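Dear colleague,

The structure is handed over below. My notes on a pair of helices follow it.

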Amino acid sequence: MENYTFSNFWKDLDDGLEIYYKYMGRKYLIYKLTKNCYRQELIKDDNEKSPHPKTSILTLKRVKEIFEFMEEFEYKTGL
């Protein structure tokens, strides 16, 4: 997804899609809760004593800051 821009990502979230991605070697799920409010959930972490929170609430500004470090985007499907 080399041409996947933040504008595309933000539109997908705004349209109600849930997106998996890798960030710093960990897999997360992100989705929009309300205007300027997004939930990030840690999906896969093999280290039980990890300092990373299981869930966190992010603003659009924070999502934009970490976007360039996100990898391996996948859409969540109900299949």
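The model is predicted, with pLDDT of at least 70 needed for local features and 80 or more for side-chain atom pairs, while totals for chains, interfaces and linings use all residues. Residues are numbered from 1 along each chain as its sequence is written, and side-chain values use heavy atoms, without hydrogens and water.

Helix α1 covers residues 6-14 and helix α2 residues 60-67; their axes come within 11 Å and cross at roughly 135 degrees. Helices are DSSP runs (H or I, at least four residues), numbered from the N terminus. Axes are lines fitted to C-alpha atoms over the stretch in contact, with angles from 0 to 180 degrees between N-to-C directions.

On the α1 side of the contact (heavy atoms within 4.5 Å) are F6, F9 and W10, which meet L60, V63, K64 and F67 of α2.

Buried residues (under 20% relative accessible area, 1.4 Å probe, protein chains only; exposed is over 50%, partly exposed in between) in α1 are F6, F9, D12 and L13. These fall within an arc of 125 degrees seen down the axis of α1, so they line one face of the helix. The arc is taken from the directions from the helix axis to the C-beta atoms.

In α2, V63, I66 and F67 are buried. K61 and K64 are exposed, on the face of α2 turned away from its buried side.

After α1 comes G16, with a positive phi near 95 degrees.

Regards

Technical notes
Helices (H or I, at least four residues) and strands (E, at least two) are DSSP runs, numbered from the N terminus.
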